[in-house]
Amino acid sequence: MKIDPPLKSSAGWDGWKDAIKSALMLAYGSKGVPLLYVIREDSTPSYPIHIGGVAPTWEETAIDAAPHTGLDYDADRKTVHLFFMNNISEDSDAHAYIHDIIGRTDGRRDWKALCDRYENEATIQARVNQANKTWEVLVYKNERAM
């Protein structure tokens, strides 16, 4: 599965992150569990509870309860790693951040490295500053310019 455009810089991180999570929710791993379980925040399995009388879906329960151990998990980590490699541009700064850990073929570790890089205070502030700069140069001309 290919995500267009691939991740090239921090400017595309938010959209790429959402696209990755959606794609991993649709792709199933070795035990029939959506591959999203590989990159969930907590590595300890948990079981979702009923909130407001609404039971969690089977997918939500499976994602939260799937263990991060065993041969099936190892195979799924490698699958997620390949998925990331196919969706990160080789000439991007994102590729540079995971270059040192590529040989480990661990999608969970790749995800953590990318999150650490793109979701820290400095990177978020840089994106805010870039957006503010863009906002300042926007000028209304008139309807004819459209």
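**Figure 1. Met25 in helix H1 of the predicted model.** Met25 belongs to helix H1, which covers residues 13-26, in a structure that is a predicted model. The residue counts as partly exposed because its relative accessibility is 27%, a value between the 20% limit for buried and the 50% limit for exposed residues. Leaving aside residues up to four places away in sequence, Met25 touches Pro34, Leu36, Glu59 and Ile63. A separation of 23 Å, C-alpha to C-alpha, lies between Met25 and Ser9, which are 16 residues apart in sequence.

**Figure 2. Ser92 in the loop between helices H3 and H4.** Ser92 is placed in the loop that links helix H3 (71-86) to H4. With a relative accessible area of 8%, Ser92 is buried. Two backbone atoms are reached by the side chain of Ser92: the oxygen of Ser89 at 2.6 Å and the nitrogen of His95 at 3.2 Å. When residues up to four places away in sequence are not counted, Ser92 touches Leu7 and Lys8.

**Figure 3. His95 in helix H4.** Helix H4 comprises residues 93-98 and contains His95. His95 counts as buried because its relative accessibility is 16%, under the 20% limit. Its contacts, residues up to four places away in sequence not being counted, are with Ile88, Ser89, Glu90 and Ile102. The backbone nitrogen of His95 is also reached by the side chain of Ser92, at 3.2 Å.

**Figure 4. Thr105 in the loop between H4 and helix H5.** Thr105 is located in the loop between H4 and helix H5, the latter covering residues 107-118. The phi angle of Thr105 is near 45°, which is a positive value in a residue other than glycine. Most residues other than glycine have a negative phi. At 28% relative accessibility, Thr105 counts as partly exposed.

**Figure 5. Ala126 in helix H6.** Ala126 is part of helix H6, which is formed by residues 121-137. A relative accessible area of 45% makes Ala126 partly exposed. Ala126 and Lys141 are 15 residues apart along the chain, and their C-alpha atoms are separated by 28 Å.

**Figure 6. The whole protein as context for the close-up views.** The protein has 6 helices and 0 strands, so that its elements run α-α-α-α-α-α from the N terminus on. Its C-alpha trace spans about 60 × 45 × 30 Å along the principal axes. The radius of gyration of the protein is 19 Å, whereas a compact globule of 146 residues would have a value near 15 Å. Of the 146 residues, 32% are buried. The accessible surface comes to about 9,600 Å², and carbon and sulfur atoms account for 55% of this area. Among contacts between residues at least 6 apart in sequence, 65% join residues at least 24 apart.

Note on methods: Residues are numbered from 1 along each chain as its sequence is written. This is a predicted model: local features need pLDDT of at least 70, side-chain atom pairs count only at pLDDT 80 or more; totals for chains, interfaces and linings use all residues. Side-chain values use heavy atoms; hydrogens and water are left out. Helices (H or I, at least four residues) and strands (E, at least two) are DSSP runs, numbered from the N terminus. The radius of gyration is taken over C-alpha atoms; the globule rule is 2.2 Å times the number of residues to the power 0.38. Buried means under 20% relative accessible area, exposed over 50%, partly exposed in between (1.4 Å probe, protein chains only). Contact means heavy atoms within 4.5 Å. Accessible areas come from the Shrake-Rupley method with a 1.4 Å probe; for residues, only the protein chains shown count as cover. A polar contact is a pair of N or O atoms within 3.5 Å; within protein, one must be able to donate a hydrogen and the other to accept it, and residues adjacent in sequence count only if both atoms are side-chain atoms.
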